[in-house]
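Here is a walk through a fold for someone seeing it for the first time. Keep the picture in view and follow along.

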Amino acid sequence: MQSELSIRLNDEGYKNWIKAGFCLQKIRDCLLRFVNTEMEKFHQFLLRTNSVLQRESCKYFCRPAGTNFQRACSLCEEWKRELLNHHTNQNNVIYWGNCSPPLWPKYAWEVAKVYMPRGQANRQGPEKCDVAALLNLINSCDQFDFVERQKVIEIASSDWQVQITETDAVDALKFTDEEINADVIFNAELELIREWMEELCFAVEEQEPLQIQHLNSLNTFKELLKQNKELESVLHQEVEQLYNLEKKLKSGMRTE
Ligand SMILES: [Zn+2]
């Protein structure tokens, strides 16, 4: 019997998306240990060289939101100053909302989030991040000054469209389960869909006025789930999120 996965992979565009995403996941996996080690070193360096930071954690539950972190206690203010000092682009927008400042003295990864794009708040380590977020960290934190940044920028801005060869473009339904490792592909696919959903949520939250293309993306996703019950059954949380988002979008559009 043809699996839903092989039917999905029969769509050239979809297959291309999965392949490109899979390559990026592999690059991310290769960077994990490197960024983790460097961020641990960076964290130790900050604590060793700035005696103020060695004080106990923030007692005031300082909580930034989005790109805003105005009301910081004196300890968090010092962390903020120090972390900004090590930013490679002082004029960059900082997503302070990624961080929980009371955790800065304890966890290196909480510090790393200062140098990363939005949406990192719930991620406890590099293995939860996508490759773009890790490349952003390497580009933005001067701990990585020894890395050739031009190369990093090249990778980050590459077109990751994978060219499907003629042989590969052959009907995916002809693949047998032995020829493709269905579990590996399915897991990569789930991760990509989750990332895509998350990006959509951020875009909807931040973009005013709400755009019709967001609704179109939601409809595409709904259609995909309708035809793929195996995906729908695993992506419970995302499906719920999707319907909330749709309600929000529709009510937003009516008020325009
Ligand atoms: Zn504080």
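## Where α2 crosses α5

The axes of α2 and α5 come within 9 Å and cross at roughly 40°. Axes here are lines fitted to C-alpha atoms, for helices over the stretch in contact, and angles run from 0 to 180 degrees between N-to-C directions. That makes α2 oblique to α5; angles under 35 degrees count as roughly parallel, over 145 as roughly antiparallel, 65 to 115 as roughly perpendicular and the rest as oblique. The crossing of the pair is left-handed, a label used when the near helix is turned anticlockwise from the far one by less than a right angle, with clockwise giving right-handed.

Who does the touching? On the α2 side you'll find L24, I27, R28, L31 and V35, and on the α5 side V131, L134, L137 and I138. Contact means that the C-beta atoms of two residues, placed from the backbone, lie within 7 Å. By class, these residues are eight nonpolar, no polar and one charged. For that sorting, Ala, Val, Leu, Ile, Met, Phe, Trp, Tyr, Cys and Pro count as nonpolar, Asp, Glu, Lys and Arg as charged, and the others, Gly among them, as polar.

## What you're looking at

This is a predicted model, and local features need pLDDT of at least 70, side-chain atom pairs count only at pLDDT 80 or more, while totals for chains, interfaces and linings use all residues. Residues are numbered from 1 along each chain as its sequence is written.

The chain has ten helices and zero strands. Helices (H or I, at least four residues) and strands (E, at least two) are DSSP runs, numbered from the N terminus. Of the 256 residues in the chain, 24% are buried. Buried means that 20 or more other C-beta atoms lie within 10 Å of a residue's own, exposed means 12 or fewer, and partly exposed is in between, with C-beta atoms placed from the backbone. Among contacts between residues at least 6 apart in sequence, 67% join residues at least 24 apart.

## α5 on the inside

Why is α5 described as largely enclosed by the rest of the structure? Seven of the ten residues of this helix, which covers residues 131-140, are buried. They are V131, A133, L134, L135, L137, I138 and S140. The buried residues of α5 pack against α2 (12-49), α4 (108-112) and α6 (149-156).

The largest nonpolar core has 32 residues, and V111, A112, L134 and L137 have the most contacts inside it. α2, α3 (74-85), α4 and α5 each supply at least two residues of this core, and the largest share, six residues, comes from α5. A nonpolar core, by the way, is a set of buried Ala, Val, Leu, Ile, Met, Phe, Trp, Tyr and Cys residues joined through C-beta atoms within 7 Å.

## α5 and its partner α6

α5 and α6 pack with their axes 10 Å apart, at an angle of about 155°, so they are roughly antiparallel to each other. This crossing is left-handed. A132, L135, I138 and N139 of α5 meet R149, V152, I153, I155 and A156 of α6. That contact has seven nonpolar, one polar and one charged residues.

In the loop between α5 and α6 sits F144. With 20 C-beta neighbours inside 10 Å, F144 counts as buried. Not counting residues up to four places away in sequence, F144 touches E38 and I138. F144 and V35 are 109 residues apart in sequence, yet 9.0 Å apart in space, C-alpha to C-alpha.

## α2 against α7

Now follow α2 to α7 (residues 182-206): these two pack at an angle of about 90°, with axes 10 Å apart, so they are roughly perpendicular to each other. I18, G21, F22 and Q25 in α2 meet I185, A188, E189, E191 and L192 in α7. The tally for this contact is five nonpolar, two polar and two charged residues.

Last stop: F61, in the loop between α2 and α3. F61 has a positive phi of about 50°, although it is not a glycine. Is F61 buried or exposed? With 9 C-beta neighbours inside 10 Å, F61 counts as exposed.
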